[in-house]
Amino acid sequence: MSVVSPVLFDNHGRPLEYLRLAVTDRCNLRCFYCMPEEGIQYLPKQELLTYEEMERVVALLAGLGVRKVRLTGGEPFVRRDLVPFIGRLSEIPGIDDISLTTNGVLTAPHIPELARLGIRTVNLSLDTLDRARFARITRRDELPRVLDTFYALLAAGIKVKINAVVMDGQNIEDLVPLAELTRDLPVDVRFIEEMPFNGGSHGAIQIPWNHLRIREHLEQHLGLLTPIATKPGDTASHYTATGHQGRLGIIAAYSRTFCGTCNRLRLTAEGGLKTCLYDQGVLDVRALLRAGAPDADVTAALAQAFRHRAANGFEAERQRPVHQLSFESMSTIGG
C-alpha cells in the first residue's frame, strides 16, 4: 500500500512545498543593491538558529508537506560545517530536493562533496562578466573565483542557474554577454528585476528595467525568444533563443507577476518565518523552540501562520506594521 504524502495549503489554496532556509546573515561580498558599503550589523552567533534547530524545523515542515529546501544566506559557505549539515538534511524523510544559492567565492572546494550528496542545482549569483564592474558592484575583486566555481559546477554535472540583478546604469551592458553563455553551455541565465532589499542604503526605488523591457532588450540582440511553459510555483518566465543550448529566464521580482502560484516559505537565519518575501515576518520560530515548545505546538503555530498568508507581495507590503521606504538587507532574509 503506497503512502500518500501530505500537502500543505495556504488560505488561498496554494500548496506550500518549498522552503528557502537562510543558514547565516553574513556575506563575504558587499553588493551595493543588497547592503551598505560598511555592511550590516550581523547578529550575534547565539541569536542564529543552530543547525540542530534548523533540522528540527525542516523535519516538522517535511511532515506537513514541504519537499524542497534551498539553502541561502547571506552566503551559505561563510558558515562553518555547512556540508555535513546538508548531509543530515538529505536524510530527513520527505525532503527529496536540496539546492543552494551561492555567490561562488568559497564554493569550489566543496563541489565534489555536493555532487556526492546529490545536490542537483546551484543558483550562482553573478551580475556581470566584467572584472572591473564586478568589483564595483560587489565591492570585492572576486570574479575569477566565481568563474572557477561556475565551470567546476558544470564539470561535476550540477545544473547551474545564474541569477543576475538588472540595474540601470550599472550592468546593462552585461545582459547580452551573460545571455550568450546559454549559446554553448547548458545553463539557465535568469535576469531579476531589482528589489528594495538594500539594508537602508537608499530609499524607494524606481525600476526602469522591468521584466518587459528586459525581454525587449534581449530580443533586440538575440532575436525573438520562444516562451517555455512554466509550472505552478515558478518565479521565472523561461525562454529559449534560437541555436542556444541553455535557457533564459526573467524574474519579475518587483512587479510580482508570479504571486498567484507562489509555493515558497522563508526561514531567516534568526528563525523568523516569512510567508512572503515582502512581509515583515509572521512567526518567531526561534522563540518557540527555545521556550521548549513540543513538536505539536510548533507545528500548530506554523500551520496557523500559513492560514493567514498574504495573497501577493503588494498585500504583504501593505501589511507591514510601519511603511518603510527602505527594506532590510536581502542578506538577512535568505534571498
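Analyst: One term before anything else: contact, or touching, means heavy atoms within 4.5 Å. This is a predicted model, where local features need pLDDT of at least 70 and side-chain atom pairs count only at pLDDT 80 or more, while totals for chains, interfaces and linings use all residues. Residues are numbered from 1 along each chain as its sequence is written, and side-chain values use heavy atoms, with hydrogens and water left out.

User: Good. What does Phe 306 touch, not counting residues up to four places away in sequence?

Analyst: Phe 306 touches Leu 8, Asp 10, Asn 11, Leu 16, Leu 61, Leu 64, Leu 265, Leu 273 and Thr 275.

User: And how many residues are in the largest nonpolar core?

Analyst: That core has 83 residues, and Phe 306 is among those with the most contacts inside it, along with Leu 21, Leu 61, Leu 71, Leu 82, Phe 85 and Phe 191. A nonpolar core here is a set of buried Ala, Val, Leu, Ile, Met, Phe, Trp, Tyr and Cys residues joined through side-chain atoms within 4.5 Å. Buried means under 20% relative accessible area, exposed is over 50% and partly exposed is in between (1.4 Å probe, protein chains only).

User: Which helix gives the largest share of this core?

Analyst: Helix α1 (residues 51-64), with eight residues. Helices (H or I, at least four residues) and strands (E, at least two) are DSSP runs, numbered from the N terminus. Apart from that core lies another, of eleven residues, including Ile 192, Met 195, Ala 236 and Ile 251.

User: Switching to α6. What do its buried residues pack against?

Analyst: They pack against β5 (159-166), β6 (188-193), α7 (211-222) and β9 (247-251). The buried residues themselves are Leu 175, Val 176, Leu 178, Ala 179, Leu 181 and Thr 182.

User: Thr 182 is the polar one I'd ask about. What does its side chain reach?

Analyst: The backbone oxygen of Ala 179, at 2.7 Å. Thr 182 has a relative accessible area of 0%. Leaving out residues up to four places away in sequence, Thr 182 touches Val 187, Val 189, His 244, Gln 245, Gly 246, Arg 247 and Leu 248.

User: Now aromatics. How many aromatic pairs turn up in the whole structure?

Analyst: Three. In one of them, the ring centres of Phe 32 and Tyr 33 are 5.9 Å apart and the planes are at 80°, so the pair is edge-to-face. For the cut-offs, rings of Phe, Tyr and Trp (its six-membered ring) pair if their centres lie within 6.5 Å; planes under 30 degrees apart count as stacked, over 60 as edge-to-face and the rest as tilted. Both Phe 32 and Tyr 33 are buried.

User: Which residue has its charged end over the ring of Tyr 18?

Analyst: Lys 68, sitting 4.5 Å from the ring centre. Arg 213 also lies over a ring face, that of Trp 209, at 3.9 Å from the ring centre. The test is NZ of Lys or CZ of Arg within 6 Å of the ring centre and within 35 degrees of the ring normal.

User: What about Arg 139, buried or partly exposed?

Analyst: Partly exposed, with a relative accessible area of 26%. Arg 139 has a positive phi of about 60° and lies in the loop between α4 (131-138) and α5 (143-155). Glu 142 is placed in the loop between α4 and α5 as well. Leaving aside neighbours within four places in sequence, Glu 142 is in contact with Leu 29, Val 105 and Phe 134.

Definitions and conventions:
A polar contact is a pair of N or O atoms within 3.5 Å; within protein, one must be able to donate a hydrogen and the other to accept it, and residues adjacent in sequence count only if both atoms are side-chain atoms.
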